[in-house]
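Try each task before reading its solution.

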Amino acid sequence: MTDLSRGLAGRTAVVTGGAQGIGAAVAERLCAEGCRVVVYDRSAEHGESVVEEWRRRGYAAHLVVGDVSDAAAVKAAFTDLPVDWPRPTLLANLAAGFVFKGLEATPGDWHAVLDPTIVGLSLVIREFVAGLPERDANAAIVNMASISAHIAQQGYLTYNTSKAAVLGFTRCTAQELAPRGVRVNSVSPGTVWNANNERFHREVLGLDRATAEADPENGGKFLLGRFADPAEVAAPIVFLLSTEASFITGADLPVDGGYLAV
Ligand SMILES: NC(=O)c1ccc[n+]([C@@H]2O[C@H](COP(=O)([O-])OP(=O)(O)OC[C@H]3O[C@@H](n4cnc5c(N)ncnc54)[C@H](O)[C@@H]3O)[C@@H](O)[C@H]2O)c1
């Protein structure tokens, strides 16, 4: 009989930025798939709240509070795991710097966006692979890019550069890690309706979700005419981590309601 399992149950997954938004949806979905899930996030408040809720539901969830750009904290996160959990073989990298500036960006602004999104990514992946066997690791990594990695957007120089770098980072690490049996991919979502986007649209644009989605310059730019919910991005991330994606590496998957198609 064909084995339809997704090869996720019983494995340990690490989700950076897993305390809120899309990362929390990824962590929750991995829990539901039977993974043991480490949430690595700098927000103790949000991290404790989601991890407690998932434990109440019987999920195996563990919080490590730290910044992805803090090398010592990242190292500790991979060494101080619950003793009976297997070594992590699944990794979803969602923590990122959110700095939206043009050429006026200062060196400090560039550090604020590139330290978490690129330097942090390198630290987390380095510690993740340090614990894997030299060959046949059967491990998978998904990095978070964005439609912003593929296009120009006024005033988004810092953010879009950081997300474009995620694409290059993904391809190069896919090449470097393939001999060890580690697949590396990225996803490029469009606008995902989370607490931050709800606040931005309400406070800055004065729009609720339905009005923003109906605006030709906003939601109308997506072929599907709407924004995504976090679970709609979590599902393809978990697919790329699963054995269903066993022949996919070095790829970027748009999860954008058709934004990049036109
Ligand atoms: N929301 C969108 O529309 C959208 C679209 C495309 C891509 N993305 C990307 O998806 C990812 C998640 O975005 P979101 O909108 O869900 O964000 P969010 O703000 O809801 O959640 C981000 C989480 O990351 C944590 N975090 C931030 N910096 C960190 C750091 N340096 N170290 C550890 N944790 C850190 C935060 O505490 C938070 O819990 C980001 O990479 C973002 O660029 C978001």
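**Exercise 1: the cavity**

Work out what kinds of residues line the largest cavity, and where they come from. Keep in mind that this is a predicted model.

Solution. Next, consider the size, a volume of about 80 Å³. Asn93, Ala95, Pro116, Thr117 and Leu121 are the closest to its centre, out of 13 lining residues. Finally, look at the elements: helix 4, strand 5 (139-144) and helix 5 each supply at least two residues, and helix 4 gives the most, with four.

**Exercise 2: the pocket**

Find which element gives the largest share of the lining of the largest pocket.

Solution. First, locate the pocket, whose volume is about 1600 Å³. Among its 49 lining residues, Phe98, Phe100, Tyr159, Asn194 and Asn197 lie nearest the centre. Two or more residues come from each of helix 1 (21-32), strand 2 (36-41), helix 4 (107-130), helix 5 (157-177) and helix 6. Helix 6 has the largest share, six residues. By type, the lining of the largest pocket holds 23 nonpolar, 19 polar and seven charged residues.

**Exercise 3: the surface**

Solution. Begin with position: Leu205 sits in the loop between helix 6 (195-203) and helix 7 (209-214). Together with Phe200 and Val204, Leu205 makes a nonpolar surface patch of about 270 Å².

Definitions and conventions. Residues are numbered from 1 along each chain as its sequence is written. This is a predicted model: local features need pLDDT of at least 70, side-chain atom pairs count only at pLDDT 80 or more; totals for chains, interfaces and linings use all residues. Side-chain values use heavy atoms; hydrogens and water are left out. Patches are made of residues with over 30% relative accessible area and no salt bridge: like charges are joined within 9 Å, nonpolar side chains (Val, Leu, Ile, Met, Phe, Trp, Tyr) within 5 Å. Accessible areas come from the Shrake-Rupley method with a 1.4 Å probe; for residues, only the protein chains shown count as cover. A salt bridge is a side-chain nitrogen of Lys or Arg within 4 Å of a carboxyl oxygen of Asp or Glu. On a 1 Å grid over the protein atoms alone, a cavity is a set of points where a 1.4 Å probe fits but cannot get out, and a pocket is an open set with protein on both sides within 12 Å along at least five of seven lines; lining residues have an atom within 4 Å of a point. Grid points are joined across faces, edges and corners, and a volume is the space filled by probe spheres set on the points. Ala, Val, Leu, Ile, Met, Phe, Trp, Tyr, Cys and Pro count as nonpolar, Asp, Glu, Lys and Arg as charged, and the others, Gly among them, as polar.
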